[in-house]
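The sequence and structure are shown first.

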Amino acid sequence: MLPALLGNALEPVTASICREIPLIKKKLEDAGALGAAMSGSGPTVFGLFPGLKEASRAAQRLPAGLGRVAVARFCRRAVTWRRLGSRP
């Protein structure tokens, strides 16, 4: 279900120029991501994992040639702001 919710209208265009994007998405999904997508106009690609442990494990297993890899977590405060319908 999550992959169906992740979308970016610019991804097909950017992926046609930067062919690594679909490959990196596949590697993230193979490493356990619940979903993966390109961010903005690219070429940044992110994966959503069940937890910090799974994301850290996946980051260590990704091939070195993919570029910079970072592990981040959601900020609970941002989720609270969204739930209240206001912005910081």
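Two strands pair if DSSP finds at least two bridges between them; helices (H or I, at least four residues) and strands (E, at least two) are DSSP runs, numbered from the N terminus. The model is predicted, local features need pLDDT of at least 70, side-chain atom pairs count only at pLDDT 80 or more, and totals for chains, interfaces and linings use all residues. Residues are numbered from 1 along each chain as its sequence is written, and side-chain values use heavy atoms, with hydrogens and water left out.

**Fold and surface**

The chain contains 5 helices and 2 strands, arranged from the N terminus as α-α-α-β-β-α-α. Strand β1 (residues 35-38) and strand β2 (residues 45-48) are antiparallel partners, joined over 4 bridges. Within this pairing, methionine 38 stands opposite valine 45 of β2. The hairpin has 6 residues between β1 and β2, and glycine 40 adopts a positive phi near 60 degrees there.

The accessible surface of the chain (Shrake-Rupley method, 1.4 Å probe) is about 6800 Å², and carbon and sulfur atoms account for 57% of this area. Of the 88 residues, 22% count as buried, where buried means under 20% relative accessible area. Contact means heavy atoms within 4.5 Å; among contacts between residues at least 6 apart in sequence, 39% join residues at least 24 apart.

**Nonpolar core**

A nonpolar core is a set of buried Ala, Val, Leu, Ile, Met, Phe, Trp, Tyr and Cys residues joined through side-chain atoms within 4.5 Å. The largest one has 13 residues, of which Ile21, Leu28, Val45 and Phe49 touch the most other members. Two or more residues of this core come from each of α3 (20-30), β1 and α4 (52-61). Helix α3 gives the most, with 3 residues.

**Selected contacts**

| Residue | Residues in contact (heavy atoms within 4.5 Å) |
|---|---|
| Isoleucine 21 | Glu11, Thr14, Ala15, Met38, Pro43, Val45 |
| Leucine 52 | Val71, Ala72 |
| Glutamate 11 | Ile21, Lys25, Ala37, Met38 |

Glutamate 11 lies in helix α2 (residues 11-17). Is glutamate 11 buried or exposed? Glutamate 11 counts as buried because its relative accessibility is 14%.

Leucine 52 belongs to helix α4. Leucine 52 and alanine 72 are separated by 20 residues in sequence, and their C-alpha atoms are 7.8 Å apart.

Terms used: Buried means under 20% relative accessible area, exposed over 50%, partly exposed in between (1.4 Å probe, protein chains only). Lists of a residue's contacts leave out its neighbours within four places in sequence.
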